[in-house]
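I opened the model and kept short notes.

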Amino acid sequence: FMINLKIGAEINGEMGTLGISTAKLEKLCLTTLWALAQPRIERKTVQIIAGRWMFALQFKRPGMSLLQAVWKYVGGKEKATEKLLRQVRGELFSLVCCAPLFQCNLRATVAPLVVASDASNSGGAVGVSETLTQEGKDFVSTTERIERGIPCKPAPVLLVSLFNGIGGCFRAYDVSGLLP
């Protein structure tokens, strides 16, 4: 079975995948190839295409590592040299070639070892974990409690979120089992 979500994602139950819909991916690849066929690839065109690829790449975030020169070019701070434009074309072509890989495997198992990097260009820090920390165990128990429908205790707290989107404050309330 196949389910197309309103946001343009596609769940393929037979393959066990979640990703950009096949129709959208086809249009994105064709648009990218059209742009690559142009004698000169304009900055605005690359900005639009890169933005559309970001939607596809949200399903397989490591694919974002293919884009380095594209960000230099669309940022406008780098001079549009022939070398930079060749790199941009190469990165966009790489996206098209890797397009079938940009989906989540919903049948993947949890790895016994987790490695996290700070994702810097200079390779600042790497962390490795083999077990859950106490915070991780708290998160799992709270999540299980919520899934079983055990109500949280209301707290007499007014929540003002100054940096909405980061979610740290909301996560703290979830883990503590409080309902602000």
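**Entry: Phe-93.** I asked what Phe-93 is in contact with, leaving aside its neighbours within four places in sequence. The partners are Leu-33 and Leu-36; contact means heavy atoms within 4.5 Å. This is a predicted model: local features need pLDDT of at least 70, side-chain atom pairs count only at pLDDT 80 or more, and totals for chains, interfaces and linings use all residues. Residues are numbered from 1 along each chain as its sequence is written, and side-chain values use heavy atoms, with hydrogens and water left out.

I found Phe-93 in helix H4. Helices are DSSP runs (H or I, at least four residues), strands are runs of E (at least two), and both are numbered from the N terminus. Phe-93 counts as partly exposed because its relative accessibility is 45%. The cut-offs are: buried under 20% relative accessible area, exposed over 50%, partly exposed in between (1.4 Å probe, protein chains only). I also checked Leu-66: from Phe-93 it is 27 residues away in sequence and 10.0 Å away in space, C-alpha to C-alpha.

**Entry: helix H4.** I counted 17 residues in H4. Its first and last C-alpha lie 24 Å apart, close to the expected 24 Å; that expected span is 1.5 Å times one less than the number of residues. Which residues of H4 are buried? They are Leu-84, Leu-85, Val-88, Glu-91, Leu-92, Leu-95 and Val-96. Seen down the axis of H4, the buried residues fall within an arc of 145 degrees, so they line one face of the helix. The arc is taken from the directions from the helix axis to the C-beta atoms. They pack against H1, H2 and H3. The face turned away carries the exposed residues Glu-82, Lys-83 and Arg-86.

**Entry: the core.** I looked up the largest nonpolar core, which has 28 residues. Such a core is a set of buried Ala, Val, Leu, Ile, Met, Phe, Trp, Tyr and Cys residues joined through side-chain atoms within 4.5 Å. Among those with the most contacts inside it are Ile-41, Trp-53, Val-88 and Leu-92. H1 (22–37), H2 (43–57), H3 (69–75) and H4 (82–98) each supply at least two residues of this core. I then followed Leu-92 beyond its neighbours within four places in sequence. Leu-92 is in contact with Thr-32, Leu-36, Ile-41, Ile-49 and Val-70.

**Entry: helix H2.** In H2, I noted Val-46, Ile-49, Ala-50, Trp-53, Ala-56 and Leu-57 as buried. Their arc is 105 degrees seen down the axis of H2, so they line one face of the helix. Their cover includes E3, H1, H3 and H4. Lys-44 and Arg-52 are exposed on the face turned away.

**Entry: strands.** I found E2 (residues 9–12) and E3 (residues 17–20) antiparallel, joined by four bridges. Two strands pair if DSSP finds at least two bridges between them. E2 and E3 form a hairpin with four residues between them. In its turn, Gly-16 has a positive phi of about 75 degrees. Asn-12 stands opposite Thr-17. E3 also pairs with E4 (residues 103–105), again antiparallel, over three bridges. There, Asn-105 is the bridge partner of Thr-17.

**Entry: cysteines.** How many disulfides are there? I counted zero, with a disulfide taken as a pair of cysteine sulfur atoms within 2.5 Å. The sulfur of Cys-29 is 9.0 Å from the closest cysteine sulfur, in Cys-97, which is too far for a bond. Cys-29 is buried, at 13% relative accessible area.
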